[in-house]
Amino acid sequence: MPPPRSSGTRGASRRPTSEDVAREAGVSRATVSYVLNRVEHERVSPATRARVLAAAERLGYVPNAAAAALRGGRTSLVLVGIPAWPLGPPLAAAISVLVAELERLGYTSLVHLGQSDDRDGFARACERARPVGVIASSGDLAAARVEDLRSNGTRAVIGLFGDPVADVPALLFDQRSVGQAAMEHLAERGHRRVLALGPDFDAPAIGPLARDRVAGAAATATERGAHLEVCSAACEVDAVGAVILPALRRPDAPTAISAFNDEYALAAMAALGEAGLPIPRRVAVIGCDDSPPARLTRPRLTTIGLAPDTWRDLAFQLHAIVEGAAGVSVIATPQVVEGGTT
């Protein structure tokens, strides 16, 4: 008598395998691999794909990258290189999502925090760890040399923002789109005089980001028939009040502030409160990052963020490349998280 089909439960002594999923869905193990590893170039019908995904969910199956690594004679380490950026709550949260998803897929993540005075640190880390996957900025990938990574056993290389690297898929995020999204949001609410608040363009690490965001806002302001005034606080958030209040006392004062990030936006809100300028009736404020403090202000700060799925998609893309699929870049799109300050 043949054994009964799985009812979706399993004992604690054995993890389900891809063979179990194939049997449950009535397909081959190769089809299971194509579906779960998102191998797009293999023709699998939508109905079959849905059947495989449903079977995997019933069984609680998770692709075991560690086992695949051992069969292929490679490690299951993924090295994530973070440049010398300010490691605030938003970036820390994004890294947590990425690491958690990689862990769920069976990888062990090592996060390398770059130092502005050590350009070769990431390359040394790659040489020591010999990871199966690498996610890093274009600068770190240039220093580590993609061809050297691949010759040392790294199967998946993904760029992280910055300028694209030839033949390397990446998480693409145009910083100008942040300024564009903020300016469009403010213009839709009738604001025609906007103050762009942020760090000096020559500031280490974040200066280029600020420059690109202002460029995006300026282009959108021109399209919308608005005026954008750029105001630099020279990276010192405690100087925000001294920088913005004189501009807000002029006859042609801005009616809205587009801040580089939530930290600058919160500093602006504090200065406006002390000056007795109500938000948003007198001055609207929008930030960027959707950080935890932004969610606690009253009124809640309107800000710009990225969906967590962006970082989960990045983990799935790396896993697919490790398993032999062609790499595809992930495009990150900013979205306005509307609060009560605009």
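Where does D167 lie? D167 is found in the loop that runs between β4 (156-160) and β5 (170-172). The views below are all taken from a predicted model.

**Figure 1. Overview of the chain, with 14 helices and twelve strands.** The chain of this predicted model has 342 residues, and buried residues account for 47% of them. Contacts between residues at least 6 apart in sequence were also sorted by separation along the chain. Of these contacts, 70% join residues at least 24 apart.

**Figure 2. D167 in the loop between β4 and β5.** D167 has a relative accessible area of 71%. The residue is classed as exposed because this value is over the 50% cut-off. V157 is ten residues from D167 in sequence. The C-alpha atoms of D167 and V157 are 9.5 Å apart in space.

Figure 3. A142 has a relative accessibility of 55% and counts as exposed. Between the C-alpha atoms of A142 and V165 the separation is 8.0 Å, and the two residues are 23 apart along the chain. Although R145 is not a glycine, its phi is positive, at about 65 degrees. Is R145 buried, partly exposed or exposed? Its relative accessibility is 42%, so R145 counts as partly exposed, the class between the 20% and 50% cut-offs.

**Figure 4. D290 in the loop between β9 and α13.** D290 is a residue other than glycine with a positive phi, near 50 degrees. The relative accessibility of D290 is 18%. D290 therefore counts as buried, the class for values under 20%.

**Figure 5. The cis peptide bond from I279 to P280.** Omega of this bond is near 0 degrees. P280 belongs to the loop between α12 (262-274) and β9 (284-286).

**Figure 6. The cis peptide bond from R298 to P299.** Here too, omega is near 0 degrees. P299 is part of the loop between α13 (292-296) and β10 (303-305).

**Figure 7. The crossing of helices α9 and α10.** Two packed helices are described by the distance between their axes and by the angle between those axes. The axes of α9 (residues 176-188) and α10 (residues 207-224) come within 6 Å. They cross at roughly 35 degrees, and the crossing is right-handed. Which residues of α9 meet α10? From α9 they are R176, V178, G179, Q180, M183, E184, A187 and E188. Their counterparts in α10 are D212, R213, A215, G216, A217, T220, A221 and R224. Sorted by class, the contact of α9 with α10 has six nonpolar, four polar and six charged residues.

**Figure 8. The largest cavity and its lining.** The count comes to one cavity of 30 Å³ or more. The volume of the largest cavity is about 40 Å³. Its lining is made up of V80, I82, L91, I95, L98, L160 and W311. Which elements each supply at least two residues of this lining? They are β1 (77-82) and α5 (89-104). The largest share, three residues, comes from α5. By class, the lining has seven nonpolar residues, with no polar and no charged ones.

**Figure 9. Q317 in helix α14 (residues 309-322).** Is Q317 buried or exposed? Its relative accessible area is 14%, so Q317 falls under the 20% cut-off and is buried. Neighbours within four places in sequence are left aside in the following list. On that basis, Q317 is in contact with I158, A326, G327, V328 and V330.

Key. Residues are numbered from 1 along each chain as its sequence is written. This is a predicted model: local features need pLDDT of at least 70, side-chain atom pairs count only at pLDDT 80 or more; totals for chains, interfaces and linings use all residues. Side-chain values use heavy atoms; hydrogens and water are left out. On a 1 Å grid over the protein atoms alone, a cavity is a set of points where a 1.4 Å probe fits but cannot get out, and a pocket is an open set with protein on both sides within 12 Å along at least five of seven lines; lining residues have an atom within 4 Å of a point. Grid points are joined across faces, edges and corners, and a volume is the space filled by probe spheres set on the points. Helices (H or I, at least four residues) and strands (E, at least two) are DSSP runs, numbered from the N terminus. Ala, Val, Leu, Ile, Met, Phe, Trp, Tyr, Cys and Pro count as nonpolar, Asp, Glu, Lys and Arg as charged, and the others, Gly among them, as polar. Buried means under 20% relative accessible area, exposed over 50%, partly exposed in between (1.4 Å probe, protein chains only). Contact means heavy atoms within 4.5 Å. Axes are lines fitted to C-alpha atoms, for helices over the stretch in contact, and angles run from 0 to 180 degrees between N-to-C directions. A crossing is left-handed if the near helix is turned anticlockwise from the far one by less than a right angle, and right-handed if clockwise.
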